[in-house]
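User: Could you walk me through reading salt bridges in a protein model? I'd like the general idea and then the case at hand.

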Amino acid sequence: MPYSKKRLTYPSCRQSNQADNYHGTLVSDPYRWLEDPDSEETKAWIEAQNKVTFAYLSEITAREKIQQRLTKLWDYEKYGIPFKEGDRYFYFKNDGLQNQSVLYTLETLDSEPRVLLDPNKLSEDGTVALAGLSISEDGKLLAYGLSTSGSDWQEWKVRDVETSEDLQDQLNWIKFSGASWTHDHKGFFYSRYDEPNKKTKLEDVNYYQKLYYHQLGTPQSEDVLIYHRPDQKEWGFSGDVTEDGRYLIISVWLGTDPKNLVFYKDLTNPSAEVIELVNQFEADYSFIDNDDSVFYFRTDLNAPRGRVIAIDSNNPASENWQEIIPQSAETLESVGILNNQFVADYLQDAYTQIKVFDLKGAFIREVELPGIGSAGGFGGKRNDTETFYSFTSFTIPGIIYRYNMVTGKSEVFRQPNVDFNPDDYETKQVFYHSKDNTRVPMFITHKKSIQLDGNNPTYLYAYGGFNASMTPGFSVSLLVWMEMGGIHAMPNIRGGGEYGEEWHQAGMKEKKQNVFDDFITAAEWLIANKYTKPAKLAIAGGSNGGLLVGACMTQRPDLFGAALPAVGVMDMLRFHKFTIGWAWTSEYGSPDDPEEFKTLYAYSPLHNIKPDQAYPATLITTADHDDRVVPAHSFKFAATLQAAQAGDAPVLIRIETKAGHGAGKPTTKIIEEAADKWAFLIRTLDVNV
């Protein structure tokens, strides 16, 4: 049997009589006390839950073998894409099992690399991670941000590239920001929040971001405030210096909506004011580069799949904007300028196409890629004649190519050596029709030897939100699943950006149910086409994808054998009350609005768990330091689901300590969590290994 018929005994969990009135609807919230992660009661609950979870996982005999295989496969050199500043090259490399990748620098691509920054030496357990970096235009100074235990809060420092010594500069209370150097190399622009309450900094809401300039060698208290809006608490600011050093481009964001404003400041004039170039939140404007006063943008204004326009800041009225590259059938993700040509990154049915155009928008060529997969990179400066990119797919680890912009030829620069034979596996892309007949693509990867007899353990994974595109990529963890006979299926459901802004909006707010319908229909398609059956089907997703899993397992508990919601948004009535959660109201809607409340309450995973219902085997994963999606979402969902579970299937929560939402997670923790996840599915889906 997949798991013991003996029901697990879960830790006792106090229920309060907390209830709230939402527009006339009384909603109980008996586990509200779990929202305080630092109370003694919550800490005891966390410890008791982990004890039950790890006791269950430790009984699975295959777990150790899975962890050994994961560790062996993970142990290969992983190179990042090289990039150049001044006369130097920089790249990241992980020798194999290092907790964090190391930043190297070298003077030519053939010279001996030197370690510039090794995050592994910043903490014993790898929980201090490099969260961002910016290198000065002359290649001599590195500004870098550190995150501790996966928090979104960052501390920024400055390092001399030549000596690898840190300068005295230290900047705090930075979140959702990069850094951008002025071309005199004397300082950089960055964004920060006011200093939070030390005790509640992982839960408190983040408002009133401010854009500053930091001059090297001065304390943070003397940083110059460049721009803020006391009248707009939800606005965030990203400041980037143009390649010619003349302008500071300020992108103004509001929540997670891709729509933004664009302001700029002339850096050649010390008294120049910040000028509003685009002052309506009507579309996405991503700055590409400029020719003096003419600014190029990738935008979805009147073009949901994206196009390139030019705006002359001397003549900025919208009727004077020029279209350079019109919208095409494919989705335009991003654009850069190399060799004085536009390099445009498109998605065609969720896989990469790269096209090159001249600066007037005339098509030159398409870059020949090795197959159907994801390509990234193509960074560099305007006059560069060479660049680098990586190519990956479900069965191809990231190969780095050197690309000649003049000849259009690619050559392999670094190729990883992973202990498996990609020829044993196949990926196919299928298209299925969702509940409302919308055509949705899905990638399916597995061993070539599998039989379509309806008995294959299947891992169905998706995200479905925030305009994020799910594209093919290599994963050691998924490879181990497929080695054990598992199938991996990834549908490109609505809410993502695979087909542009219309596809995104078809899964937002009052249309969010489309996302769940797309995912449920993918499951039904896999069953109808004999890939699997409900008892062998697991669903998984993280963050917004955790919400996806929570909604689908509560709407269709009969359809799945197991559910793995990771760091999920589970309480759709209180998500906006913590850290950056308010920013998601542009995606989900707000429970403070009576009509939007009805939509949210109808699918909120926490509020749609029914007592005495048999739910699939569930392994909820979260982290005690997650300050993006606070762990209260998972804590309350777990407590409610354990109390409601009528069947014998286990409902477990695995709470990682000293970790956050996922960014910067050390290799050891990634491998342990993957081993636990696959072991849980081996047992609950009754897989023979």
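Analyst: Let's start with burial: arginine 574 and aspartate 29 are both buried (buried is under 20% relative accessible area, exposed over 50%, partly exposed in between, with a 1.4 Å probe and protein chains only). This is a predicted model, where local features need pLDDT of at least 70, side-chain atom pairs count only at pLDDT 80 or more, and totals for chains, interfaces and linings use all residues. Residues are numbered from 1 along each chain as its sequence is written, and side-chain values use heavy atoms, leaving out hydrogens and water.

User: How far apart are the closest N and O atoms of arginine 574 and aspartate 29?

Analyst: Side chains of opposite charge can pair when their charged atoms come close. Here the closest N and O atoms are 4.0 Å apart, and arginine 574 and aspartate 29 form a salt bridge (a side-chain nitrogen of Lys or Arg within 4 Å of a carboxyl oxygen of Asp or Glu). The two partners sit 545 residues apart in the chain.

User: Which residue does aspartate 571 meet in a salt bridge?

Analyst: Lysine 636, at 2.8 Å from N to O. Aspartate 571 and lysine 636 are both buried. Shared partners join salt bridges into one network of Asp20, Asp29, Arg32, Glu35, Asp571, Arg574 and Lys636.

User: And glutamate 85, is it buried or exposed?

Analyst: Glutamate 85 is buried, at 16% relative accessible area. Its salt-bridge partner is lysine 381, with the closest N and O atoms 3.0 Å apart; lysine 381 is partly exposed at 26%.

How values were computed:
Helices (H or I, at least four residues) and strands (E, at least two) are DSSP runs, numbered from the N terminus.
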